[in-house]
Amino acid sequence: MTTTISTLETALNQRSRSTLEADRRASVAVVLEGQDSHETKVLLIERTTRPDDPWSGQIAFPGGRVDPDDVDPKNVAIRETSEEVGLD
């Protein structure tokens, strides 16, 4: 699985980063499972369908908006993953 994580890390580092407005910050979790690169699984969710949500019904990583009481982005990802799929 190390090869898979290294490949993912390299690909993500090559992408340009964007900054959101302070009140629209979010965080996601990339949850991987597997013993080697041939058996690695990625946890994805299907977003709830809502007419007012432009990302409605899309496949996504678990995650969500930063709440005022969140300590850091990692805390957001852990909290949202727990809320959305029950993974602690």
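Predicted model: local features only at pLDDT ≥ 70, side-chain atom pairs only at ≥ 80, totals over all residues.

**Entry 1: placing D70.** I started by finding where D70 sits. D70 is in the loop that runs between β6 (63-65) and α2 (73-85). Buried or exposed, I wondered about D70? The relative accessible area came out at 12%, which is under the 20% cut-off, so D70 counts as buried.

**Entry 2: what D70 holds on to.** I checked the polar partners next. A polar atom of the D70 side chain is 2.6 Å from the backbone nitrogen of D67. Leaving out residues up to four places away in sequence, I found D70 touching R65, N75, V76 and R79.

**Entry 3: the start of α2.** D72 was my next stop. One of its side-chain oxygens comes to within 3.2 Å of the backbone nitrogen of K74, at the start of α2.

**Entry 4: length check on α2.** How far should the 13 residues of α2 span? At 1.5 Å a residue I expect 18 Å, and the end C-alpha atoms are 18 Å apart, so the two agree.

**Entry 5: the buried face.** I listed the buried residues of α2: V76, A77, R79, E80 and T81. What do they pack against? The answer is β1 (26-28) and β6. A reminder to myself: residues three or four places apart on an α-helix point the same way, because there are 3.6 residues a turn.

Methods: Residues numbered from 1 in each chain as written. Heavy atoms only, no water. Helix = DSSP H or I, 4+ residues; strand = E, 2+ residues; numbered from the N terminus. Buried < 20%, exposed > 50% of the residue type's maximum accessible area, 1.4 Å probe, protein only. Polar contact = N/O pair within 3.5 Å; in protein donor to acceptor, adjacent residues only side chain to side chain. Contact = heavy atoms within 4.5 Å. Expected span 1.5 Å × (residues − 1).
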